[in-house]
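Here is a short briefing on one protein model and its ligand. Please look at the structure first, then read the points below.

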Amino acid sequence: MTTPSLLILPGDGIGPEVMAQVRRIIDWYGDKRGLKFDVSEDLVGGCAYDKHGTPLHDDTMAKAQEVDAVLLGAVGGPKYDNLDFSVKPERGLLRLRKEMDLFSNLRPAQCFDALADFSSLKKDVVAGLDIMIIRELTSGVYFGEPRGIFNEGNERVGINTQRYTESEIARVARSAFELARKRNNKVCSMEKANVMESGILWRDVVTEVHQAEYADVELSHMYADAGAMQLTRWPKQFDVIVTDNLFGDLLSDLAAMLTGSLGMLPSASLGAPMANGRPKALYEPVHGSAPDIAGTGKANPIACILSFAMALRYSFDQGAEADRLEAAIETVLANGIRTADLLQAEGVEPASTVEAGDAVLAALDASL
Ligand code: NAD
């Protein structure tokens, strides 16, 4: 079997700081579990602009297309705020998503028991929560034509178009059903079929794909507004939710924040299967480059570490090792080791980024 390949793009701000902790965990898997990765590292975002005059060099793009998975830290920062739009750090990230055709965005909402008090909802509503929102990422109203602001008579009109083809819906539906089979075998599809034709088509196609290929998975449908209510009322009723780009943007933020800090949220964006059967994949924390704390050693590395856990599970078929890493993080939190963003009590000394990494490695050692 060939060694799985991983391209690491730490990026800007706290990106390299949190990624350094992930590198230690990758080394741990090589040393202690015999799980070797062929790791390469490159630039993305502002640091790539500083070196190459572009936020993503063509060679880096080509490498991203070849590897089994890409793991990214974060991009951006005030230094780059006045750059031309075409070379802003974020353009590097958008280019990766677009050229890798990453149409399926996975945003887990997972509540570690030790952090249940952090939620704005009651503890029993969120304790043990583990759901996955899949947002279609490359089509829908953010991309549909016509779009723009036009003059009509003596006033302006703003137009965006919600547009989905059957194949775009079918591929993200398949991604949801496949994922459900690796979890609790339940998918809820959300749209607004009551008021939108694109919603009617969405519901039809999801149902067709289900009947033809995934009848073993439990499927339900919900209007997206009702879905938002149910997510805040009793989120544990869901396993996998699949929805379009716009509703997914809102619902994934809502679900993720049920569980606490930005420093805890991982994500994955998956594309079509490659020749080896693995989907093209980019894993990254949801947070940005946090310029306000960059260089202070305060960043929480857990979102980035959990992004690597997702890579273990979804790109490398190492579900048991992903469970091990998540359990190690649960142990660290339960032991009261918290970075500053997770501290509630006055007078408690926060852990630094490196100390949080040390604690995860110690918990991994203890798991053997
Ligand atoms: P941000 O996510 O960087 O920070 C928001 C707040 O959360 C800050 O107070 C920050 O200190 C805190 N925070 C974020 N991650 C944290 C972590 N791991 N540990 C502890 N605290 C954490 O969002 P922002 O301030 O709006 O944006 C800063 C820069 O990042 C901008 O240039 C923005 O364009 C960029 N950005 C990049 C991405 C990405 O790379 N995917 C995403 C969002 C924003």
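Asp-101 sits in the loop between helix H4 (89–99) and strand E4 (104–110); helices (H or I, at least four residues) and strands (E, at least two) are DSSP runs, numbered from the N terminus. Asp-101 has a positive phi of about 50°, although it is not a glycine. This is a predicted model: local features need pLDDT of at least 70, side-chain atom pairs count only at pLDDT 80 or more, and totals for chains, interfaces and linings use all residues. Residues are numbered from 1 along each chain as its sequence is written, and side-chain values use heavy atoms, with hydrogens and water left out.

**Backbone geometry**
- Most residues other than glycine have a negative phi, and most peptide bonds are trans.
- Asp-101 is partly exposed, with a relative accessible area of 33% (buried means under 20%, exposed over 50%, partly exposed in between; 1.4 Å probe, protein chains only).
- Asp-317 also has a positive phi, near 50°, and is not a glycine.
- Asp-317 lies in the loop between H10 and helix H11 (319–334).
- At 59% relative accessibility, Asp-317 counts as exposed.
- The peptide bond from Glu-145 to Pro-146 is cis, with omega near 0°.
- Pro-146 is placed in strand E6.

**A loop phenylalanine**
- Phe-143 lies in the loop between strand E5 (130–136) and strand E6 (144–152).
- Phe-143 is partly exposed, at 45% relative accessible area.
- Phe-143 and Ser-167 are 24 residues apart in sequence and 16 Å apart in space, C-alpha to C-alpha.

**Ligand site**
- A backbone N or O atom of Gly-77 lies 3.1 Å from a ligand oxygen atom.
- For Ser-289, a backbone N or O atom is likewise 3.1 Å from an oxygen atom of the ligand.
- A backbone N or O atom of Asn-300 lies 2.9 Å from a ligand nitrogen atom.
- Taken alone, the ligand exposes 800 Å², and the protein buries 68% of that (Shrake-Rupley method, 1.4 Å probe).

**Nonpolar core**
- The largest nonpolar core has 69 residues (buried Ala, Val, Leu, Ile, Met, Phe, Trp, Tyr and Cys, joined through side-chain atoms within 4.5 Å).
- Tyr-283, Phe-308 and Leu-325 touch the most other members.
- Helix H10 (residues 302–314) gives the most to this core, with 10 residues.
- Domain 1 (1–105 + 264–368) and domain 2 (130–258) both give residues to this core, so it lies between them; the bounds come from an automatic or database domain assignment.

Conventions
Polar contact = N/O pair within 3.5 Å; in protein donor to acceptor, adjacent residues only side chain to side chain.
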